[in-house]
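Please look over the chain shown here.

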Amino acid sequence: MTTSENKNAHSPIAQDPNTPYDRGPAGGWGSLRGISRIFGDVGGSTVAAKILANLNKPGGVMCSSCAWAKPAKPAKFEFCENGAKATLWELDEKRADAAFFEEHSVSELKSWHDHDLERAGRLSEPLRYDAARDRYVPVSWDTALQEIGQILQRIAPKEAVFYASGHAGLEASYLYALFARAMGHQNLPQSSNMCHETTSVNLKTFIGTPVGTCTLEDFDHCDAIFFFGQNTGTNSPRFLHTLKAAVERGCKIVTFNPVRERGLLEFVDPQNIMQMITNHPTRISNKYYQVKPGGDIAVLAGMMKHVLAREDAAPGTILDHDFIASETTGFAETAALIRAFDWSEIEAQSGLSRALIVEAADIYIAAKNVIGIYGMGLTQHVNGWLNLGMYCNLLLMRGNIGRLGAGMSPVRGHSNVQGQRTVGIGEKSAHMPAEKLKAQFGIDAPSEEGLNIVKASEGVLDGSVKAMLSLGGNLLRALPDRERLEAAWPNLDLTVHISTKPNRSHLAPGKVSYILPCLGRTDIDRQASGPQAVSMEDTFSHIYGSLGTAEPPSDKVRSETAIVAGIAKATLPPNPRLRWDEWVANYDLIRDLIAETFPDDFSDFNKRMMQPGGFYRGNPARDRNWKTESGKAQFTPPTTLSALGQSPSGQNAMTLITLRSNDQFNTTIYGFSDRLRGLEGSREIVLMNRKEMDRLGLTEGQTVTLRSQIDDGIERQIGGLKVTPYDLPDGTVAGYYPELNPLVPLSYHEKNSLTPAYKGTPVEVRA
Ligand SMILES: Nc1nc2c(c(=O)[nH]1)N[C@H]1C(S)=C(S)[C@@H](COP(=O)(O)OP(=O)(O)OC[C@H]3O[C@@H](n4cnc5c(=O)[nH]c(N)nc54)[C@H](O)[C@@H]3O)O[C@H]1N2
Ligand SMILES: Nc1nc2c(c(=O)[nH]1)N[C@H]1C(S)=C(S)[C@@H](COP(=O)(O)OP(=O)(O)OC[C@H]3O[C@@H](n4cnc5c(=O)[nH]c(N)nc54)[C@H](O)[C@@H]3O)O[C@H]1N2
Ligand SMILES: [Mo]
């Protein structure tokens with residue numbers, strides 16, 4: 001179905017004939033049931049209920065789930081179903097302690113489901129892998145830190161990799177980035193390397209900023225919001241309140257997504273008693289277009305073509321000529337290429353008719369202020385750079401970047417993924433200025449660029465990487481090409497996991513392997529000077545403090561800040577200016593260091609971090625200060641109409657997209673209910689539309705094998721996937737991340753940033 005009208009508004013929730021089970025709107029009673037299920041699962045307490053009541057409010061805990069804003073004036077309950085799940089998951093009463101690891105060998109745990117591994121509970125003491133017994137056994141902190149330090153001293157600095165998932169606060173992250181450089185390397189890959197790296201690298205060249213240009217305020221002033229490949233209802237549900245308010249003001253919402261995602265269709269606000277009682281949803285998208293995976297460049301080309309045609313018909317009325325002339329470069333060349341594309345090509349590549357694309361472009365033109373939202377549907381493609389380039393082009397044509405109510409707005413994933421980059425986590429020298437390292441600590445910064453996650457993974461495969469530290473995360477589930485990497489991981493001399501719960505990555509221990517249990521954000525972080533707050537940055541570049549209030553899982557669990565400092569101290573030669581113990585005793589001192597290294601972003605950090613709504617660190621593009629090579633915003637000439645690196649070829653070949661369910665946070669699987677998509681019970685499934693099922697002679701529930709068509713001499717396939725009918729464009733199959741990750745080659749990634757192309761892999765479907 002590619003029709004555009006969203007007819008679901010104010011009617012009983014329609015059952016889609018292509019969808020197997022009944023499903024409710026986003027929010028509503030379903031979200032409350034979801035929360036109460038997890039509450040029961042983890043033994044929820046009154047402490048947990050109190051933390052939820054203060055979640056995302058000034059002085060409370062900042063949610064460890066997504067990076068959506070924490071408003072200065074929070075709602076009565078400023079949390080969503082998934083934030084509650086993440087919080088309760090961390091407050092788990094169960095313990096994955098020494099007794100648990102004594103009972104279960106690593107080989108046995110390998111047969112467990114990801115869900116069951118994390119359900120074992122919170123890690124509560126440091127553990128070292130004992131190969132002879134195939135078990136993790138308890139060890140003292142001193143022994144752990146000393147041995148890790150000795151191994152890191154023994155190898156060459158560039159043989160070590162320090163990975164960070166976007167959870168840890170700015171304090172631990174800054175020390176981690178400093179530690180790497182003091183050791184002599186910048187191998188600091190981060191989860192964003194699998195995520196919005198496409199944004200960080202390409203947006204920077206187009207408009208001179210690696211992050212979005214909007215703030216929450218813009219959503220009160222926009223006339224249209226476009227959504228390309230971002231699933232709000234599942235991945236940033238508190239955004240739905242902002243959208244509902246915009247819709248009620250008359251703002252138009254237009255969505256391009258191969259999947260009809262519930263949250264972008266309709267929403268029942270769980271805090272609105274009348275809406276809850278009547279189950280009368282608010283329609284979110286006015287128009288919903290089921291673009292083909294990788295078809296967005298073509299859509300954007302079509303929209304731009306129509307904008308140019310309207311300008312030709314009434315010169316001087318459609319384009320923002322002043323803005324284009326004074327603020328941008330490359331318009332003429334780009335416009336010429338757009339004019340040259342054929343509508344028939346655009347229709348074939350996008351899977352949408354000219355009439356539908358024109359309809360969307362007319363909404364774009366009618367709106368004075370437009371915000372462009374996007375997520376993984378644009379970034380995780382080989383030509384992700386051009387997805388973003390074309391999206392910028394469309395906005396720039398009418399001056400929609402750098403003024404109130406308009407802008408480019410990537411929605412970030414992890415709660416502090418953006419902030420970690422701001423304080424120095426990243427493989428380039430630019431991430432942490434060399435002159436500051438010298439002045440503050442007397443350290444000579446490494447000049448060689450470090451490894452991002454794709455290069456670090458290649459290093460594990462070819463043996464050039466010898467030690468892998470992980471500050472959070474679960475690389476062996478999150479990365480592409482899992483089977484190859486899982487086989488190579490045990491060859492590492494050292495693996496160190498700083499984690500809250502057991503996960504699959506712990507089960508491929510290196511020759512020496514440690515699991516170091518850390519505090520989560522909800523826990524009280526007691527240090528010598530008293531309980532400590534930590535801080536993080538949201539998707540709108542606002543920075544907040546967060547104060548944990550739950551009793552930690554055990555007295556043997558340490559803060560991420562203390563663990564990073566402990567390893568650094570055990571590794572580095574003494575340097576009186578690296579005052580690890582004093583910093584751990586009082587995080588204010590670390591924030592002073594951050595403010596000294598990054599004065600433009602963090603002045604008065606300690607004073608401002610607890611202010612309602614956080615403090616804004618600014619964005620040059622928002623002020624039309626273009627930090628690009630030319631000093632202007634850059635139009636990007638399109639060289640192709642497809643975002644796919646390789647199209648599927650042959651009768652039974654399709655493009656695979658990998659999805660997150662409503663019941664997971666990345667590799668953490670809370671349960672098996674993808675309520676918003678009406679999919680229950682199993683994650684070993686493959687979705688396709690009924691027409692494609694008939695064409696391939698497949699029946700509902702039949703199991704099939706998917707085989708990757710990318711040919712690099714390595715065979716990649718996964719069997720036992722249950723065919724499930726679903727409303728998708730022709731030529732498209734969908735399944736779950738991380739289950740389907742072995743199908744995506746490590747080498748199949750976005751061109752400039754190396755972000756894995758998880759949304760556009762050509763696969764054969766075999767009965
Ligand atoms: N509950 C929950 N919340 C999360 C997460 C989670 O796993 N669970 N993960 C967090 C993280 S780290 C991140 S990065 C964000 C991710 O949040 P999103 O950016 O929303 O990422 P995805 O859910 O992977 O995919 C987004 C959408 O892209 C669509 N899509 C796929 N291919 C294409 C395409 O070619 N074109 C277009 N236009 N659309 C396409 C999919 O149908 C899907 O609806 O969410 C964060 N929040
Ligand atoms: N096929 C496919 N693959 C993908 C994606 C996709 O869309 N499709 N998306 C990609 C994206 S966007 C991302 S961001 C990556 C995510 O990749 P990662 O960030 O590596 O993975 P997570 O699942 O977020 O990490 C979960 C683990 O983090 C630990 N943890 C949780 N909370 C904390 C904490 O507070 N501190 C510490 N130290 N540890 C903690 C727990 O042990 C938990 O098991 O996956 C990528 N992989
Ligand atoms: Mo992400």
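The report below covers spaces, salt bridges, surface and backbone.

## Basis

This is a predicted model, in which local features need pLDDT of at least 70, side-chain atom pairs count only at pLDDT 80 or more, and totals for chains, interfaces and linings use all residues. Residues are numbered from 1 along each chain as its sequence is written, and side-chain values use heavy atoms, with hydrogens and water left out.

## Largest pocket

The largest pocket has a volume of about 940 Å³. A pocket is an open set of points on a 1 Å grid over the protein atoms alone, with protein on both sides within 12 Å along at least five of seven lines. A volume is the space filled by probe spheres set on the points, which are joined across faces, edges and corners. Lining residues have an atom within 4 Å of a point.

The lining of the largest pocket counts 26 residues. Nearest the centre lie Lys204, Pro210, Ala430, Asp601 and Arg617. Three elements, α9 (197–207), α20 (417–422) and α28 (599–602), each supply at least two lining residues. The largest share, 4 residues, comes from α9. By class, the lining holds 8 nonpolar, 9 polar and 9 charged residues. In this scheme Ala, Val, Leu, Ile, Met, Phe, Trp, Tyr, Cys and Pro count as nonpolar, Asp, Glu, Lys and Arg as charged, and the others, Gly among them, as polar.

## Cavities

The structure holds 4 cavities of 30 Å³ or more. A cavity is a set of grid points where a 1.4 Å probe fits but cannot get out.

## Salt bridges

There are 43 salt bridges in the structure. Each is a side-chain nitrogen of Lys or Arg within 4 Å of a carboxyl oxygen of Asp or Glu. Arg119 pairs with Asp92, and their closest N and O atoms are 3.9 Å apart. Arg119 lies in helix α6 (residues 114–119) and Asp92 in the loop between α3 (81–90) and β2 (95–96), so the pair ties together parts 27 residues apart in sequence. Both Arg119 and Asp92 are buried. Buried means under 20% relative accessible area, exposed over 50%, and partly exposed in between (1.4 Å probe, protein chains only).

Arg310 bridges to Asp362, with the closest N and O atoms 2.6 Å apart. This pair links helix α13 (residues 296–313) to helix α17 (residues 354–366), across 52 residues. Arg310 is partly exposed at 32% relative accessibility. Asp362 is partly exposed at 29%. A further bridge joins Arg690 and Glu700 (3.5 Å, N to O). Arg690 sits in helix α30 (residues 690–695), and Glu700 in the loop between α30 and β30 (703–708). Arg690 is partly exposed at 36%, as is Glu700 at 46%. Bridges that share partners also join Arg37, Glu81, Lys85, Asp663 and Arg675 into one network.

## Surface patch

Ile273, Met274 and Ile277 make a nonpolar surface patch of about 360 Å². Patches are made of residues with over 30% relative accessible area and no salt bridge; like charges are joined within 9 Å, nonpolar side chains (Val, Leu, Ile, Met, Phe, Trp, Tyr) within 5 Å. Areas come from the Shrake-Rupley method with a 1.4 Å probe, and for residues only the protein chains shown count as cover. Met274 belongs to helix α12 (residues 273–278). Met274 is exposed, at 55% relative accessible area.

## Backbone

The peptide bond from Tyr737 to Pro738 is cis, with omega near 5 degrees. Pro738 lies in the loop between β32 (732–736) and β33 (761–766). Leu754 is also found in the loop between β32 and β33. Leu754 has a positive phi of about 65 degrees although it is not a glycine. It is buried, at 15% relative accessibility.

Ser541 has a positive phi too, near 65 degrees. Its place is the loop between β20 (534–537) and β21. Ser541 is buried at 1% relative accessibility. Gly545 lies in strand β21 (residues 542–546), and is buried at 2%.

Conventions
Chains are lettered from A and ligands numbered from 1 in the order in which they are written.
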